[in-house]
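Biologist: Can you walk me through this model? Keep it quick.

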Amino acid sequence: MEYGMRNHGTFNTAPEGQGVEWYTPTSYGAGAGAAAGGGSYAAPGYGSMSTTNQSYGANPFDDEPPLLEELGIDIAGILMKTRSVLFHRLNSKSLEDLDMGGALIFIFVLGGLHLLTGKLHFGIILGWSVVHSAVLWFVINQLAGTDAVENQGLDLYSICCVCGYCMVPLVVYSAISLLVPQTPAMVALAAFCTLWSAHTAARIFGRRSRALDENQWLVMYPCILMYGAFSLLCIY
């Protein structure tokens, strides 16, 4: 008989357990090695296979950083900058480096608050923010002159971040308007929040350029127009 066993006797007369020689991987490797010139062959055992399975079974995402960290969104930093804007702490160092993540969060929160009142304004708020930021960037660069070229805090990206963070008072007003009906007092509160946002943005820009610090009221005028448009969306 071939293919793994060899019969030394007849099939019918061989005693049980004798006459049949089974070839195991170890005995086969030893015999093959002896026939080839005295070498040895070691078949892989179950221990190496289990080690290989463990290495393949390890999670490759264990060492990956969190998703928010990869996207550059720092929740603690956003909350710190929000408190600085909300409580008018404009001398805080956290306002020197604003990020786009927080600005987009406030834009979508404002759109979500409008949606709760039955107004679908996501596209309008996002579009107006981009257009007003571009207009404000042009005005600021004309007022700052050479400071705008040397100061990287006056580029279009930084101005969009400032405009988004300074929208916090309008977000607070939109949240209040969900609970309080529209009255003349609410209209006055909307005007106050508009001035609050515009003055905060003008102060932040003034900290980044001496020329803008001397012309804060000129910078504040386009900011009033921008935030006034958003407050009108909240009222009507």
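Modeller: Let's start with one lysine. K93 lies in the loop between α4 and α5. Helices here are DSSP runs of H or I with at least four residues, strands are runs of E with at least two, and both are numbered from the N terminus.

Biologist: Is K93 buried or exposed?

Modeller: K93 counts as exposed because its relative accessibility is 70%. Exposed means over 50% relative accessible area, buried means under 20%, and partly exposed is in between, with a 1.4 Å probe and protein chains only.

Biologist: How far is K93 from K81?

Modeller: Their C-alpha atoms are separated by 9.1 Å. K93 and K81 are twelve residues apart along the chain.

Biologist: What should I know about the source?

Modeller: This is a predicted model, where local features need pLDDT of at least 70 and side-chain atom pairs count only at pLDDT 80 or more, while totals for chains, interfaces and linings use all residues. Residues are numbered from 1 along each chain as its sequence is written, and side-chain values use heavy atoms, with hydrogens and water left out.

Biologist: Overall fold, then. How many helices and strands are in the chain?

Modeller: The chain has twelve helices and two strands. Along the sequence the pattern is β-β-α-α-α-α-α-α-α-α-α-α-α-α.

Biologist: What share of the chain is buried?

Modeller: Buried residues make up 35% of the 236 residues. Take contacts, meaning heavy atoms within 4.5 Å. Among those between residues at least 6 apart in sequence, 65% join residues at least 24 apart.

Biologist: Now α8. Why is α8 called largely enclosed?

Modeller: Eight of the ten residues of α8 are buried, so the rest of the structure largely encloses this helix. The buried ones are S158, I159, C160, C161, V162, C163, G164 and Y165.

Biologist: Which helices do they pack against?

Modeller: The buried residues of α8 pack against α4, α5, α6, α9, α10 (184-208) and α12.

Biologist: Start with α6. What is the angle between α6 and α8?

Modeller: About 120 degrees, with the axes of α6 (residues 122-144) and α8 (residues 156-165) 9 Å apart. That makes α6 oblique to α8. On this scale, angles under 35 degrees are roughly parallel, over 145 roughly antiparallel, 65 to 115 roughly perpendicular, and the rest oblique. Axes are lines fitted to C-alpha atoms, for helices over the stretch in contact, and angles run from 0 to 180 degrees between N-to-C directions.

Biologist: Which residues make the contact?

Modeller: α6 brings S133, A134, L136, W137 and I140, and α8 brings L156, I159, C160 and C163. By class, that contact has eight nonpolar, one polar and no charged residues. Nonpolar covers Ala, Val, Leu, Ile, Met, Phe, Trp, Tyr, Cys and Pro; charged covers Asp, Glu, Lys and Arg; the others, Gly among them, are polar.

Biologist: And α8 with α10?

Modeller: Their axes come within 9 Å and cross at roughly 145 degrees. S158, I159 and V162 in α8 meet A201, I204, F205 and R208 in α10. This contact has five nonpolar, one polar and one charged residues.

Biologist: While we're on α10, what about T200?

Modeller: T200 is found in helix α10. At 1% relative accessibility, T200 counts as buried. Leaving aside neighbours within four places in sequence, T200 contacts V85, H88, L90 and C166.

Biologist: Back to α6. Which α6 residues are buried?

Modeller: I125, S129, S133, L136, I140 and A144. In general, an α-helix has 3.6 residues a turn, so residues three or four places apart point the same way. G145 follows α6, with a positive phi near 70 degrees.

Biologist: Last one, α5. How does the span look?

Modeller: Helix α5 (residues 100-116) has 17 residues and reaches 25 Å from first C-alpha to last, close to the expected 24 Å. The expected span is 1.5 Å times one less than the number of residues.

Biologist: What do the buried residues of α5 pack against?

Modeller: They pack against α4 (75-86), α6, α8, α9 (168-177) and α12 (216-235). The buried set includes F106, I107 and L110.

Biologist: And the geometry with α6?

Modeller: α5 and α6 pack at about 145 degrees, with axes 9 Å apart. I107, F108, L110, G111, G112, H114 and L115 in α5 meet F122, I125, L126 and S129 in α6. The classes are seven nonpolar, four polar and no charged.
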